[in-house]
Amino acid sequence: MPDVTLALLIDRLMRRMHGSLHAKAPQFDTERLGPANCMILLTLGDMGPTGIQDLTRRVGRDKSQMTRSIQLMERRGLLARAPSPRDARVSVVSLTPAGVAMVDMLRRVLAETIDEVLDPISASERAALTEVLSRVMP
């Protein structure tokens with residue numbers, strides 16, 4: 001049977017993170033991308049250059065949403081799109097230097113926010129949480 005208590009605690013943590021990041025957005029979301037597009041950038045930062053279809057699956061968006069997001073971030077100079085060297089029918093997206101800078105800044109804000117949320121727990125508890133999450137999210 002699923003652990004409802006754990007599920008509710010993780011849900012509460014995610015909502016708190018979302019609320020904290022939303023409150024800080026005016027300070028860091030200078031391109032006015034919104035949470036979904038910032039998530040795409042962070043995911044692309046994790047994956048590296050990748051096919052649009054793989055990126056779409058990873059972030060759980062539909063193809064039309066992803067197309068609009070990619071076009072927006074291309075216009076803003078954050079992403080570049082090119083044909084795959086293995087299959088010209090496939091488009092590969094990658095971060096531009098401006099996109100890399102945005103991802104670095106998003107990671108810093110995310111780390112600061114997580115640090116605030118996890119303030120009540122000790123360094124050893126944080127290390128244990130890091131170890132567990134590293135196994136769950138390789």
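The second largest pocket has a volume of about 300 Å³. Pockets were located on a 1 Å grid over the protein atoms alone, as open sets of points with protein on both sides within 12 Å along at least five of seven lines; lining residues have an atom within 4 Å of a point. Grid points are joined across faces, edges and corners, and the volume is the space filled by probe spheres set on the points. The structure is a predicted model, in which local features need pLDDT of at least 70 and side-chain atom pairs count only at pLDDT 80 or more, while totals for chains, interfaces and linings use all residues. Residues are numbered from 1 along each chain as its sequence is written, and side-chain values use heavy atoms, with hydrogens and water left out.

The lining of the second largest pocket consists of Gly51, Ile52, Gln53, Asp54, Thr56, Arg57, Lys63, Thr67, Arg81, Arg89, Val90 and Ser91. Two or more of these residues come from each of helix 3 and helix 4 (63-75), and helix 3 gives the most, with five residues. By class, the lining holds two nonpolar, five polar and five charged residues (nonpolar: Ala, Val, Leu, Ile, Met, Phe, Trp, Tyr, Cys and Pro; charged: Asp, Glu, Lys and Arg; polar: the others, Gly among them).

The largest pocket has a volume of about 1800 Å³. Its lining comprises 38 residues, with Met14, Met17, Leu21, Leu110 and Ile114 nearest the centre. At least two lining residues are supplied by each of helix 1, helix 2 (34-47), helix 3 (52-59), helix 5 (97-117) and helix 6 (123-136). Helix 1 provides the largest share, eleven residues. This lining divides into 27 nonpolar, six polar and five charged residues.

Ile10 is found in helix 1 (residues 4-28). Together with Leu6 and Met14, Ile10 makes a nonpolar surface patch of about 290 Å². Patch members have over 30% relative accessible area and no salt bridge, and nonpolar side chains (Val, Leu, Ile, Met, Phe, Trp, Tyr) are joined within 5 Å, like charges within 9 Å. A salt bridge is a side-chain nitrogen of Lys or Arg within 4 Å of a carboxyl oxygen of Asp or Glu. Areas come from the Shrake-Rupley method with a 1.4 Å probe, and for residues only the protein chains shown count as cover. The relative accessible area of Ile10 is 42%, so Ile10 is partly exposed (buried: under 20%; exposed: over 50%; partly exposed: in between).

The protein chain has six helices and three strands (DSSP runs numbered from the N terminus: H or I, at least four residues, for helices; E, at least two, for strands). Of its 138 residues, 29% count as buried.

Conventions:
Buried < 20%, exposed > 50% of the residue type's maximum accessible area, 1.4 Å probe, protein only. 1 Å grid on protein atoms, 1.4 Å probe; cavity = no way out; pocket = protein on both sides within 12 Å on 5 of 7 lines; lining within 4 Å.
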